[in-house]
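I'll jot down what I looked up, in the order I looked.

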Amino acid sequence: MKLRAPALAAPYGQLLDRFRAHSVANLGDALDRLNIVDGGIAPVWQGAKAVGTALPVLTVAGDHKAVIAALERIRHGDILVINAFGHDGRAVIGDNLAQRFAAYGAVGTVVDGYVRDAAIIEGLGVPVFARGLTPAGPFKNGPGAIGEPVAIGGVVVNPGDIVAADGDGDGVIVIPPHRAQEALTSVREIVAREAALDAEVDALRNAGVR
Ligand SMILES: O=C([O-])CC(=O)C(=O)O
Ligand SMILES: [Mg+2]
């Protein structure tokens, strides 16, 4: 498989930077605690972190023909969001595809399904989130779809949605662009409130309550 030059940047570059500063838990609170992918989708390695724009991929269980085809559609700053039906029998990506995604400009991959080559993926520092690991490789027959809305972990993801994935414990959230400004305004209030709560605990501690 040949590498091609990374394609043009996805929109909302500066907006993405502002989301990067916040925890997924706080962003979730800012979106009424909705839009959070279920906790079964976890980082393949502790500390993996990525914020980008969704390139959704649908692939039938145990197959990755559509995932390979998605390489040609990646724009700089995208996160591959793959609905593989949560299937635990076969890995739909491994280190090879994960690093090709990165070489084509993707900032990470979220899979509602299983992956393999975890140690190599960690060594490469490529952010991958998935339901689990299996050494079994995928078939390459299709069908599938690229750039159509998918569901992962109970959340609908449209092409271009903002996806924030935090491997330090808080998981994955999907932010529709039309709610981005509202989410950023609201998350700043939440951060201030959290800081006030921390200060309250500090004051109690300093007063010798505990
Ligand atoms: O069989 C495949 O192509 C999946 C895989 O292990 C990889 O991407 O490294
Ligand atoms: Mg492999």
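**Overall look.** I started with the inventory: the protein has 6 helices and 15 strands. Helices (H or I, at least four residues) and strands (E, at least two) are DSSP runs, numbered from the N terminus. Next came the radius of gyration, which is 18 Å, close to the 17 Å that the globule rule gives for 210 residues, so the protein is as compact as a globular protein of that length.

**Ground rules.** This is a predicted model, so I kept in mind that local features need pLDDT of at least 70 and side-chain atom pairs count only at pLDDT 80 or more, while totals for chains, interfaces and linings use all residues. Residues are numbered from 1 along each chain as its sequence is written, and chains are lettered from A and ligands numbered from 1 in the order in which they are written.

How many of the residues count as buried? I got 43% of the 210. Buried here is 20 or more other C-beta atoms within 10 Å of a residue's own, exposed is 12 or fewer, and partly exposed is in between, with C-beta atoms placed from the backbone. For contacts (C-beta atoms, placed from the backbone, within 7 Å), I looked at pairs at least 6 apart in sequence, and 77% of them join residues at least 24 apart.

**Strand β7.** Is this strand enclosed or open? 5 of the 5 residues of β7 (residues 108–112) are buried, so it is largely enclosed by the rest of the structure. In a regular strand the side chains alternate between the two faces of the sheet. I checked the directions: Gly108, Val110 and Asp112 point one way from β7, and Thr109 and Val111 the other. For partners I used the DSSP rule that two strands pair with at least two bridges between them. β5 (residues 78–83) runs parallel to β7 with 5 bridges, and Val81 stands opposite Val110. β9 (residues 128–130) is also parallel to β7, joined by 2 bridges, and there Val110 stands opposite Phe129.

**Strand β14.** All 5 of the 5 residues of β14 (residues 162–166) are buried, so β14 too is largely enclosed by the rest of the structure. Ile162, Ala164 and Asp166 cover one side, with Val163 and Ala165 on the other. β3 (residues 49–59) pairs with β14 in the antiparallel sense over 5 bridges, and Ala50 has Ala165 as its bridge partner. β15 (residues 171–175) is antiparallel to β14 as well, again with 5 bridges. Between β14 and β15 the hairpin has 4 residues, and Gly169 takes a positive phi near 130°.

**The core.** Which residues touch the most other members of the largest nonpolar core? Of its 57 residues, they are Val57, Ile79, Val81, Val110, Phe129, Val163 and Ala164. β3 gives the most to this core, with 6 residues. A core here is a set of buried Ala, Val, Leu, Ile, Met, Phe, Trp, Tyr and Cys residues joined through C-beta atoms within 7 Å. I then clicked on Phe129: leaving aside neighbours within four places in sequence, its contacts include Ile41, Pro43, Val110, Ala165 and Val172.

β8 (residues 114–115) is joined to β10 by 2 bridges, and Val115 has Leu133 as its bridge partner.

**A buried loop residue.** Val126 is in the loop between α5 (118–124) and β9. With 24 C-beta neighbours inside 10 Å, Val126 counts as buried. Not counting residues up to four places away in sequence, Val126 touches Ala98, Gln99, Ala102 and Ile121.

**Ligand 1.** Last stop: the residues surrounding ligand 1 are Ile93, Gly94, Asp95, Asn96, Leu97, Arg116, Asp117, Gly137 and Pro138. To be near the ligand, a residue's C-beta atom, placed from the backbone, lies within 6 Å of it. Helix α4 (residues 95–103) gives the most to this shell, with 3 residues.

Technical notes. Two residues are in contact if their C-beta atoms, placed from the backbone, lie within 7 Å. The radius of gyration is taken over C-alpha atoms; the globule rule is 2.2 Å times the number of residues to the power 0.38.
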